[in-house]
There are 2 protein chains.
Amino acid sequence: MIILLGGTGYIGRAYQRFFERGGIPFRSLSRDEVDYTDPDRLAAGLRYFGATFVINAAGYTGKPNVDACEDHKADCLFGNAVVPGRIRLACETVGVPWGQVSSGCIYNGTRAGKAGFTEDDAPNFSFRHPPCSFYSGTKALGEEILADAAQCYIWRLRIPFNEVDESRNYLAKIMRYQRLVDATNSLSQLDEFVGATWQLWQLRAPFGIYNVTNPGAVQTRDIVGMIQRAGVCRKAFEFFADEAEFMRTAARTPRSNCLLDSSKLARAGVRMTGVHEALETALRKWSKEPVAEAALA
Amino acid sequence: MIILLGGTGYIGRAYQRFFERGGIPFRSLSRDEVDYTDPDRLAAGLRYFGATFVINAAGYTGKPNVDACEDHKADCLFGNAVVPGRIRLACETVGVPWGQVSSGCIYNGTRAGKAGFTEDDAPNFSFRHPPCSFYSGTKALGEEILADAAQCYIWRLRIPFNEVDESRNYLAKIMRYQRLVDATNSLSQLDEFVGATWQLWQLRAPFGIYNVTNPGAVQTRDIVGMIQRAGVCRKAFEFFADEAEFMRTAARTPRSNCLLDSSKLARAGVRMTGVHEALETALRKWSKEPVAEAALA
């Protein structure tokens with residue numbers, strides 16, 4: 001039985017849809033059922049349900065954005081660094097393989113020569129490589145706590161989007177923000193991310209870190225162009241003059257904008273659509289397949 | 001009622017002795033009685049016992065030394081950074097003033113001109129200023145999580161010692177290590193530390209950070225000389241050639257060696273003995289006043 005932790009969050013709900021559509025038996029454990037932040041209780045739960053694989057899609061993200069993490073540091077640190085360490089302990093105790101949904105937000109910019117960061121590059125937007133947001137710092141610590149974990153995947157998601165209009169979707173955010181920062185980023189189409197992570201396990205790809213992003217990079221201004229051409233939002237988009245103006249007037253903590261190299265994923269045999277095509281597809285289908293979110297809660 | 005958290009640890013037991021000797025009513029709460037890592041339960045406990053002041057002497061230290069924290073990162077991060085944040089939340093909810101036992105191990109070396117670090121200096125041995133041990137990183141994050149906390153003292157302890165021969169006592173460590181690193185440090189005589197922190201609150205000194213160390217600095221070789229002159233240990237002390245040899249042959253993670261400036265404490269009206277005198281006194285009384293530790297557990 002596949003055990004899903006954090007199943008009611010934005011990422012967790014995508015896993016639920018994926019398993020349901022694929023007819024793959026799974027069980028989403030809520031913290032009320034089994035307090036999975038307690039390694040002993042989680043280990044007992046994993047044994048009770050006969051876990052064969054565990055996915056941790058739980059994490060602490062600020063609402064409405066990463067600035068909120070600056071006011072909830074202890075919760076953020078607990079959810080993003082301590083809890084993964086405790087899940088590791090439980091999974092290692094029971095001897096069950098698992099995957100942690102991590103984040104590419106622990107990098108900023110590109111490698112020398114405008115290349116994307118690989119899994120071998122140390123985070124450069126973390127407590128150990130300041131500046132960073134508190135959120136990114138906790139995510140990098142979370143990966144550090146999972147270093148050398150047994151039978152563990154670390155799947156790095158980066159700015160998720162798909163065709164469903166909801167608050168965590170990057171395309172919805174772009175349409176709703178008053179002003180935008182123009183930056184170049186790697187992105188993850190949410191449902192492709194979920195499928196790719198599952199495929200890694202199905203292929204029994206080696207455990208370890210994988211950047212799970214759609215190949216390519218995209219600028220915010222390009223995405224705005226696509227949105228306008230798709231006709232899904234007719235407002236006049238405004239941009240900050242530069243990141244400095246954004247930081248000065250609208251943000252409390254710096255943002256990660258970065259390129260990730262997803263060739264390790266491809267070498268493992270997992271293909272994801274190019275990022276421009278994935279964006280065009282999402283905008284073409286925009287909001288036409290709303291998900292009954294309450295049914296999945 | 002004064003509420004003591006972490007009362008069974010090395011620092012917590014010193015608080016228990018201090019309050020008992022002074023006839024000061026207090027209650028040491030164990031995690032079994034009240035899970036003080038849960039802010040709601042702690043807040044309820046503080047209300048139930050009519051807390052007027054809270055002391056958090058709990059923290060995660062590696063056993064037998066700081067290297068062990070590298071293998072227990074999640075626990076270390078939880079105990080030293082998340083838990084202080086949760087105690088802050090509970091104390092702020094109830095509106096009770098409190099003090100956190102922090103550590104000077106978030107610095108290394110001296111300020112320019114061989115002066116000690118003041119409370120205004122940012123930590124320079126932390127995740128944000130690498131290299132550091134994982135332990136020191138979590139301690140610095142703990143202080144960061146308490147920044148701007150309401151009615152909160154942050155009391156920095158630095159390498160505690162007194163006259164009682166037990167494993168956490170720095171003098172006992174020096175006598176037991178096979179080889180020593182010669183370094184210059186500030187130290188805290190444990191019982192003076194406890195008395196000084198209490199005096200800050202009795203004087204209603206402004207809340208905030210205080211370096212609570214005995215004035216002055218001392219080199220490991222000087223302490224060895226004092227031990228030899230006091231006649232409490234007759235072994236031949238050996239030293240590593242330098243810190244590099246120590247790191248290469250005996251340590252997994254770097255150690256903090258640092259000078260702290262305790263003049264803010266003195267300006268608040270709290271006096272501590274000079275560090276050389278405090279060491280001489282401890283060695284003169286060495287082991288002559290054993291404490292019935294079991295009685296305090």
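In the predicted model, the secondary structure of chain A comprises 11 helices and 12 strands. The C-alpha trace of chain A extends over about 55 × 40 × 35 Å along its principal axes, and the radius of gyration of chain A, 19 Å, agrees with the value near 19 Å that a compact globule of 297 residues would have. Of these 297 residues of chain A, 47% count as buried. When contacts in chain A between residues at least 6 apart in sequence are considered, 80% of them join residues that are at least 24 apart.

Chain A and chain B are related by a rotation of 180 degrees with 0.0 Å of shift along its axis, which superposes chain A on chain B with an RMSD of 0.0 Å; that is the relation of a two-fold axis. The contact between them draws 14 residues from chain A and 14 residues from chain B. On the side of chain A that touches chain B, α3 (73-94) and α4 (134-145) of chain A each supply at least two residues, and α3(A) gives the most, with 8 residues. Sorted by class, this side of chain A holds 9 nonpolar, 1 polar and 4 charged residues. Because 100% of the interface residues of chain A are also interface residues in chain B, the copies meet through the same surface.

An α-helix has 3.6 residues a turn, so residues three or four places apart point the same way.

Most residues other than glycine have a negative phi, and most peptide bonds are trans. In chain B, however, the peptide bond from K63(B) to P64(B) is cis, with omega near 5 degrees, and P64(B) is placed in the loop between β3 (53-56) and α3 (73-94) of chain B. A cis peptide bond also joins P130(B) and P131(B), with omega about 0 degrees; P131(B) belongs to the loop between β4 (98-103) and α4 (134-145) of chain B.

Positive phi values occur in residues other than glycine as well. K114(A), which is not a glycine, has a positive phi of about 65 degrees and lies in the loop between β4 (98-103) and α4 of chain A; K114(A) is exposed, with 10 other C-beta atoms within 10 Å. In chain B, Q151(B) has a positive phi near 50 degrees and is located in the loop between α4 and β5 (152-157), where Q151(B) counts as partly exposed, with 15 C-beta neighbours inside 10 Å.

How values were computed
Residues numbered from 1 in each chain as written. Chains lettered and ligands numbered in written order. Predicted model: local features only at pLDDT ≥ 70, side-chain atom pairs only at ≥ 80, totals over all residues. Contact = placed C-beta atoms within 7 Å. Helix = DSSP H or I, 4+ residues; strand = E, 2+ residues; numbered from the N terminus. Nonpolar A, V, L, I, M, F, W, Y, C, P; charged D, E, K, R; others polar. Least-squares fit on C-alpha atoms with pLDDT ≥ 70 in both. Rg over C-alpha atoms; globule rule 2.2 N^0.38 Å. Buried ≥ 20, exposed ≤ 12 C-beta atoms within 10 Å, placed from the backbone.
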